[in-house]
Amino acid sequence: MPDAKSHVTAHVLDAGRGVPAHGVSIVLADHHGTPVADAITDEQGRVSSLGPAVLEPGIYRLTFATGAYFASQHTECFHPEVVVTFEITAPDEHYHIPLLLSPFAFTTYRGS
């Protein structure tokens, strides 16, 4: 039986170094800012367990602690955190949020 994933997962890649970003703290919060779950990226830069298996439709946000990550790499950065706000509209679908990160820029998209 495959491992069950949470409704929301994330993946962080350190594009500046060309490696997965291990040890990035991520907090999932609802639209009120109330934390739902938190996790830390694994050695592959992934978080596959971030909250419950199902979330109600609505607006959520992921906060990535990018400043602490870059500090651990002894690297100056411009964004001390990255907040990605997104909406769950289909509770039967999986929501995967990758973050491509460098010390002075980032990009994100809805992954699969």
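**Entry 1. Asp14 and its surroundings**

I began with a polar contact of 2.7 Å, which joins the side chains of D14 and Y69. The model I am reading is a predicted one, and every value I note here is computed from it.

I then looked up where D14 sits, and I found its place in strand β1. Is D14 buried or exposed? I count D14 as buried because its relative accessible area is 1%, and the cut-off for buried is under 20%.

I next listed what D14 touches, leaving out residues up to four places away in sequence. The list consists of V19, P20, A21, Y69, F70 and L101.

β1 is mostly covered, with six of its seven residues buried.

Which strands pair with β1, and in which sense?

- β5 pairs with β1 in the antiparallel sense, over three bridges. On this side I found H11 opposite R46 in β5.
- β8 runs parallel to β1, and seven bridges join the two. Here T9 stands opposite H96 in β8.
- β2, made up of residues 19-20, runs antiparallel to β1 and is joined to it by two bridges.

S6 is buried, with a relative accessible area of 4%. Apart from residues up to four places away in sequence, S6 touches S48, S49, L50, G51, P52, A53 and H94.

**Entry 2. The largest nonpolar core**

I asked how many residues the largest nonpolar core has. The count is 26, and the residues with the most contacts inside this core are V8, V12, I26, L50, L62, F64 and F86. The elements that give two or more residues to the core are β1, β3, β4, β5, β6, α1, β7 and β8. As a general matter, nonpolar side chains tend to be buried together in soluble globular proteins.

Setting aside neighbours within four places in sequence, I found F86 in contact with V8, L28, G58, I59, Y60, R61, L62 and I97. Two of these, V8 and L62, are also named among the residues with the most contacts inside the core.

**Entry 3. Val27 in β3**

I looked up V27, which is found in strand β3. V27 is partly exposed, at a relative accessible area of 29%. Beyond its neighbours within four places in sequence, V27 is in contact with P35, A37, D38, R61, L62 and T63. I also checked V27 against V83: they are 56 residues apart in sequence and 9.4 Å apart in space, from C-alpha to C-alpha.

In helix α1 I examined A68. A68 counts as exposed because its relative accessibility is 53%, and the cut-off for exposed is over 50%. The C-alpha atoms of A68 and R46 are separated by 17 Å, and the two residues are 22 apart along the chain.

I then followed the chain to H74, in the loop between α1 and β7. H74 is exposed, with a relative accessible area of 76%. I recorded its backbone too: H74 has a positive phi of about 55° although it is not a glycine.

**Entry 4. The cavity**

Last, I asked how many cavities of 30 Å³ or more a search of the whole structure finds. The search finds one, and the volume of the largest cavity is about 30 Å³. Its lining is formed by T66, F70, C77, H79, V82, L101, S102, P103, A105 and F106. α1, β8 and β9 each supply at least two residues of that lining.

Technical notes
Residues are numbered from 1 along each chain as its sequence is written. This is a predicted model: local features need pLDDT of at least 70, side-chain atom pairs count only at pLDDT 80 or more; totals for chains, interfaces and linings use all residues. Side-chain values use heavy atoms; hydrogens and water are left out. A nonpolar core is a set of buried Ala, Val, Leu, Ile, Met, Phe, Trp, Tyr and Cys residues joined through side-chain atoms within 4.5 Å. Buried means under 20% relative accessible area, exposed over 50%, partly exposed in between (1.4 Å probe, protein chains only). Helices (H or I, at least four residues) and strands (E, at least two) are DSSP runs, numbered from the N terminus. Contact means heavy atoms within 4.5 Å. A polar contact is a pair of N or O atoms within 3.5 Å; within protein, one must be able to donate a hydrogen and the other to accept it, and residues adjacent in sequence count only if both atoms are side-chain atoms. Two strands pair if DSSP finds at least two bridges between them. On a 1 Å grid over the protein atoms alone, a cavity is a set of points where a 1.4 Å probe fits but cannot get out, and a pocket is an open set with protein on both sides within 12 Å along at least five of seven lines; lining residues have an atom within 4 Å of a point. Grid points are joined across faces, edges and corners, and a volume is the space filled by probe spheres set on the points.
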